[in-house]
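Thanks for coming. I will take one chain, start with the overall figures, and then go through a few residues and elements. Please have the sequence and the model on your screens.

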Amino acid sequence: MKKMLGFSLLLTLLLLASCGKRSAEEIFEEQKSGVVLVLNRFYYQVVMPGGKRLFFTGIDGNGNLQGFTSDEQEARRNAQMLNGTGFFVSDDGKFVTNRHVALTDIDQDQLRANLANILRATLMQCAVTARQVLSKYNMLEAQKAQFMEYDFFGNVIAGDEAQLSQIIAEQNRLKQVYEQLSETARGIQTTNLNNIQVSPVCEIGISYDGEKVNSPADFLVKNPCKIIKVSDKENADLALLQLDSKKTPKGAYVYQFAGKGNKAYFNGDDSEAKLKIDQQLYMIGYNAGLALASTQKGISVQMTSGRVTQTPDGERVTYSIPTVQGSSGSPIVDEKGNVVAVNFAKLAGSDNFNFGIPLEQIREFLK
């Protein structure tokens, strides 16, 4: 009897081993080096009819433009920043994250509702600049008298030709600027709102588990990235980025997605791609961004766990893994360590019911 029990125990252990399931600690220690903290510093660019560019950093709760300016450097200095998570999927520095992490955008309905604010702000900017130009022109006009000599009757009889030539040249330049401003103002007053182009300007960088970060430069200067592609499907919040160096750091873990697909990114085993109700899942990411990641030893990635809570429908995976802002773009892995989804959203009002992008959408994006 004891021999039978011993054999049964051995068989059970062998079966578990054959399934390839691993402990959470084993998965975490192996894979944490492949997960990165993403920093996106961004502002918005407005292209008016005629090509004039204006900038702002956001829209407040009352629909007012924040940081509106015609100076791009000023917009860049006052840019907003957000954090997200990404994970390496190739040896040449490519990593996956969410589209809303890599390419921040304003809600289109909100944007349409606030285009009138952009027009009003632009007109005000034109008026202020036009007054400044006119004032400078008049000051130059007054300076001309300093370089002219007059006869008794007020006729000009002599003058400093070099100085006068410089003043007249500057006045001509100011006239052109004033005319351009006037033309812009007239164009705005007759502008069709649909002809205004608004787009985000994003500067992206990453940092790794264990690295110390003290400023945005530790992301944007040390490890700058470029967007390779973003999904154009509303329900596939995905983006593929790449380090400017085009080289994944030595020793960093490179993830694979479960199932068939592009051989560069998928392991080819469809049996590992099927999710079941109550199946154990893990997320490795940066919940709350720097607020939670920062430690005395550098930034530290976290692992959280949960279970599948709803039958996957091909549009999303629902699970009970706790998440907060910053975990967007995190890999969701099974007990074998294969990526089975990409975290992208949470249920409003709850931290414990969240959504991942399923393999069907990822496969289409990376094909």
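Predicted model: local features only at pLDDT ≥ 70, side-chain atom pairs only at ≥ 80, totals over all residues.

Residues are numbered from 1 along each chain as its sequence is written, and side-chain values use heavy atoms, with hydrogens and water left out.

Confidence comes first. pLDDT is the predictor's confidence in each residue, from 0 to 100. The protein chain averages 85, and 88% of the residues score at least 70. A contact here means heavy atoms within 4.5 Å. Residues 10–18 are also below 50 in pLDDT, with 1 contact in the model beyond near neighbours in sequence.

Now the totals. The protein chain has 9 helices and 19 strands. Those are DSSP runs numbered from the N terminus: H or I with at least four residues for helices, E with at least two for strands. Of the 367 residues in the protein chain, 42% are buried. Buried means under 20% relative accessible area, exposed means over 50%, and partly exposed is in between, using a 1.4 Å probe and protein chains only. Among contacts between residues at least 6 apart in sequence, 66% join residues at least 24 apart.

Next, the cores. A nonpolar core is a set of buried Ala, Val, Leu, Ile, Met, Phe, Trp, Tyr and Cys residues joined through side-chain atoms within 4.5 Å. In soluble globular proteins, nonpolar side chains tend to be buried together. The largest core in this model has 44 residues, and Phe87, Phe257 and Ile362 have the most contacts inside it. Elements giving two or more residues to this core include α2 (24–31), β12, β17 (331–333) and α9. A second, separate core has 38 residues, among them Val38, Leu65, Ile167 and Ile196.

In α2, the buried residues are Ile27, Phe28 and Gln31. They lie on the same side of α2 because they cover an arc of only 95 degrees around the axis. That arc is taken over the directions from the helix axis to the C-beta atoms. The buried residues of α2 pack against β1, β12, β15 and β17. In α9 (residues 359–366), Leu359, Gln361, Ile362, Phe365 and Leu366 are buried. Their arc around the axis is only 160 degrees, so they too are on the same side of α9.

Now to the strand pair. Strand β12 (residues 280–285) and β15 run antiparallel, joined by 6 bridges. For two strands to pair, DSSP must find at least two bridges between them. Glycine 285 stands opposite glutamine 302 in β15. In a regular strand the side chains alternate between the two faces of the sheet. For β15, the covered face has Gln302, Thr304 and Gly306, and the uncovered one has Met303, Ser305 and Arg307.

Is methionine 303 buried or partly exposed? Its relative accessibility is 24%, so methionine 303 counts as partly exposed. Methionine 303 is in strand β15 (residues 302–307). Beyond four places in sequence, methionine 303 contacts Ala24, Ile27, Phe28, Tyr282, Met283 and Ile284.

Isoleucine 332 lies in β17. Isoleucine 332 is buried because its relative accessible area is 0%.

Last, two polar residues. Asparagine 40 is in strand β1 (residues 35–47) and is buried, at 0% relative accessible area. A polar atom of its side chain lies 2.8 Å from the backbone oxygen of valine 101. Threonine 97 is in strand β6 (residues 94–97) and is buried, at 0% relative accessibility. A polar atom of the threonine 97 side chain lies 2.6 Å from the backbone oxygen of threonine 85. Both pairs are polar contacts, meaning N or O atoms within 3.5 Å, where within protein one must be able to donate a hydrogen and the other to accept it, and residues adjacent in sequence count only if both atoms are side-chain atoms.
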